[in-house]
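Reader: Hi! Could you walk me through this model, starting with how the helices cross?
Author: Happy to.

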Amino acid sequence: WTASPSTHLIELRRSRGRLSIINAGMPDILYYDSAKRDLIAIDEKVAPIGAGKAARGIAPYSVDISRGDVLFLYSDGFKEEFERKTRQTLGLNVLSFCKALNGDAEGVAAKLLKIFQQSAEPTNLRDNVSFVAFSRT
């Protein structure tokens, strides 16, 4: 059994609100577009670190973020455990909370964490679980 580390690499240009992301083997990034009030799955991926051809360049995915937009990055373990324990789709919960809280990333994260903690049994976790939600202020 071999594993390759997966990660997100993020660069934010605050002056322009431009966000560049490299998704190396992690699940799709969920992006709440506050102007459209819709959730977009950013599925631009490269191979996990150490996998694939080293000579291949890694081009980041870039998006302009506005106030009220939320980016939600998470491990596959978080998504799997959230959906297994709650029997609810993670994406629909993120969308619902983003709309209800007007793009308050901290509020969205708190609600998701509360649901996860109420339904998850830490001793029965099958994978690593992590997530981060952030927005432009």
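Author: Helix H2 passes helix H3 in a right-handed crossing. A crossing is left-handed if the near helix is turned anticlockwise from the far one by less than a right angle, and right-handed if clockwise. Helices (H or I, at least four residues) and strands (E, at least two) are DSSP runs, numbered from the N terminus.

Reader: Which residues of H2 and H3 make the contact?
Author: On H2 they are Leu90, Asn93, Val94, Phe97 and Cys98, and on H3 they are Val108, Lys111, Leu112 and Ile115. Contact here means heavy atoms within 4.5 Å. By class, that contact of H2 with H3 has seven nonpolar, one polar and one charged residues. In this scheme Ala, Val, Leu, Ile, Met, Phe, Trp, Tyr, Cys and Pro count as nonpolar, Asp, Glu, Lys and Arg as charged, and the others, Gly among them, as polar.

Reader: Before I go on, where do the coordinates come from?
Author: This is a predicted model, where local features need pLDDT of at least 70 and side-chain atom pairs count only at pLDDT 80 or more, while totals for chains, interfaces and linings use all residues. Residues are numbered from 1 along each chain as its sequence is written, and side-chain values use heavy atoms, with hydrogens and water left out.

Reader: Thanks! At what angle do the axes of H2 and H3 cross?
Author: Roughly 140°, and the axes of H2 (residues 90-100) and H3 (residues 105-119) come within 9 Å. Axes are lines fitted to C-alpha atoms, for helices over the stretch in contact, and angles run from 0 to 180 degrees between N-to-C directions. H2 and H3 are therefore oblique to each other. The cut-offs are under 35 degrees for roughly parallel, over 145 for roughly antiparallel, 65 to 115 for roughly perpendicular, and oblique for the rest.

Reader: Which residues of H2 are buried?
Author: Leu90, Gly91, Asn93, Val94, Leu95, Phe97 and Cys98 are buried in H2. Buried means under 20% relative accessible area, exposed over 50%, and partly exposed in between (1.4 Å probe, protein chains only). The buried residues of H2 pack against strand E3 (29-33), strand E4 (38-42), strand E6 (70-74), helix H1 (76-86) and H3.

Reader: And how do H1 and H3 pack?
Author: H1 and H3 pack at an angle of about 60°, with their axes 9 Å apart. Their crossing is left-handed. Phe78, Glu81, Phe82, Lys85 and Thr86 in H1 meet Leu112, Ile115, Phe116 and Ser119 in H3. The contact of H1 with H3 has five nonpolar, two polar and two charged residues. Leu112 and Ile115 of H3 also belong to the contact with H2.

Reader: Let me zoom out. How many helices and strands are in the chain?
Author: There are three helices and seven strands. Along the sequence the pattern reads β-β-β-β-β-β-α-α-α-β. Of the 137 residues, 36% count as buried. Among contacts between residues at least 6 apart in sequence, 62% join residues at least 24 apart.

Reader: What about isoleucine 21, buried or exposed?
Author: Isoleucine 21 counts as buried because its relative accessibility is 4%. Isoleucine 21 sits in strand E2 (residues 18-24). From isoleucine 21 to valine 63 is 42 residues in sequence and 8.4 Å in space, C-alpha to C-alpha.

Reader: Now backbone checks. Where does asparagine 102 lie, and what is its phi?
Author: Asparagine 102 lies in the loop between H2 and H3. Its phi is near 50°, a positive value in a residue other than glycine. Most residues other than glycine have a negative phi. With 61% relative accessibility, asparagine 102 counts as exposed.

Reader: Where is arginine 37 found?
Author: Arginine 37 is in the loop between E3 and E4. Phi of arginine 37 is also positive, near 50°. At 40% relative accessibility, arginine 37 counts as partly exposed.
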